[in-house]
Amino acid sequence: MSKQGTVRVVNGRYKFSGEFHHATPNTPITNDDEGGKLVGVTNPRDMTYVHTYGGEAVFFEGLGKGILYGTRCDNPKCEFTGTQYIPFRIHCPDCLGRNTVVDFTKTCRTTATVHTFMVCERSGAFNVLDKPIKFINIEFEGVGTILMSYLSLGEPTIGMKVVPIFRTTDPTFTITDLSWVPEGADEGDLPDGFTFG
Ligand SMILES: [Zn+2]
């Protein structure tokens, strides 16, 4: 197989290298009701999507280092100045000003509780999480929003105290690098690659 496409930014420009399209052999579609007569062909297509994080890049980079960044509106003219946001919001929804990036790791370690949850036995295409997936909505002291994530140990209950864990070994730089476990969980029980940060 040819080299998987990779992207770097050099002198402010995206530089592409490797292959972004892979030719995969097709297969015939036959009609078994009519003695295997040809109906058509499958056309496999392998696509590499180039996804830019923009102002949220600092959040995804932080996860692999065991840091959970959120943001805060510091605009003194904003009606809701001082409002804090997890998940990360680049701009304040009230004044549309650029928010300040804030390290909320300690807040998350000490004040996170499950607001509500749902357990999913089935998933969509390309799911990488173990099933059943225990999705939890987490609230934090002094934070105006609620974070959607997933619980890696135990069973969720409303109001339970949880602490963050981070994929600090081989991070994927996606939201699955952040997960949660019940307060008091043992580091030895964490999923492969995850630590308390
Ligand atoms: Zn604002």
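1. Strands E4 and E5 make a hairpin with 5 residues between them, and Gly35 in the turn has a positive phi of about 70°. The model is predicted: local features need pLDDT of at least 70, side-chain atom pairs count only at pLDDT 80 or more, and totals for chains, interfaces and linings use all residues. Residues are numbered from 1 along each chain as its sequence is written.

2. E4 (residues 27-31) and E5 (residues 37-42) run antiparallel and are joined by 5 bridges; strands count as paired if DSSP finds at least two bridges between them. Asn31 has Lys37 in E5 as its bridge partner. Of the 5 residues of E4, the number buried is 0, so this strand lies largely in the open. A residue is called buried if 20 or more other C-beta atoms lie within 10 Å of its own, exposed if 12 or fewer, and partly exposed in between, with C-beta atoms placed from the backbone.

3. The protein chain has 2 helices and 15 strands. Helices (H or I, at least four residues) and strands (E, at least two) are DSSP runs, numbered from the N terminus.

4. The radius of gyration of the protein chain is 22 Å, whereas a compact globule of 197 residues would have a value near 16 Å. The radius is taken over C-alpha atoms, and the globule rule is 2.2 Å times the number of residues to the power 0.38. The C-alpha trace spans about 70 × 45 × 35 Å along its principal axes. Of the 197 residues, 19% count as buried.

5. Among contacts with a separation of 6 or more, 48% are between residues 24 or more positions apart. A contact requires C-beta atoms, placed from the backbone, within 7 Å.

6. The largest nonpolar core has 23 residues, of which Ile86, Ile138, Phe140, Val162 and Trp180 touch the most other members. Helix H1 (57-63) and strands E11 (133-139), E13 (162-167) and E14 (178-182) are the elements that give two or more residues to this core. Such a core is a set of buried Ala, Val, Leu, Ile, Met, Phe, Trp, Tyr and Cys residues joined through C-beta atoms within 7 Å. Leaving aside residues up to four places away in sequence, Ile138 touches Ala112, Val114, His115, Ile146, Leu147, Ser149, Val162 and Trp180.

7. E10 and E11 share 7 bridges in the antiparallel sense, and Thr113 has Glu139 in E11 as its bridge partner.

8. Another open sheet, also of 3 strands, has the order E8-E7-E9 and antiparallel pairing. Its edge strands, E8 (84-85) and E9 (100-103), each pair on one side only. E7 (residues 69-72) pairs with E9 over 4 bridges, where Gly70 stands opposite Val102. Between E7 and E8 there are 2 bridges, and Thr71 has Tyr85 in E8 as its bridge partner.

Conventions:
Two residues are in contact if their C-beta atoms, placed from the backbone, lie within 7 Å.
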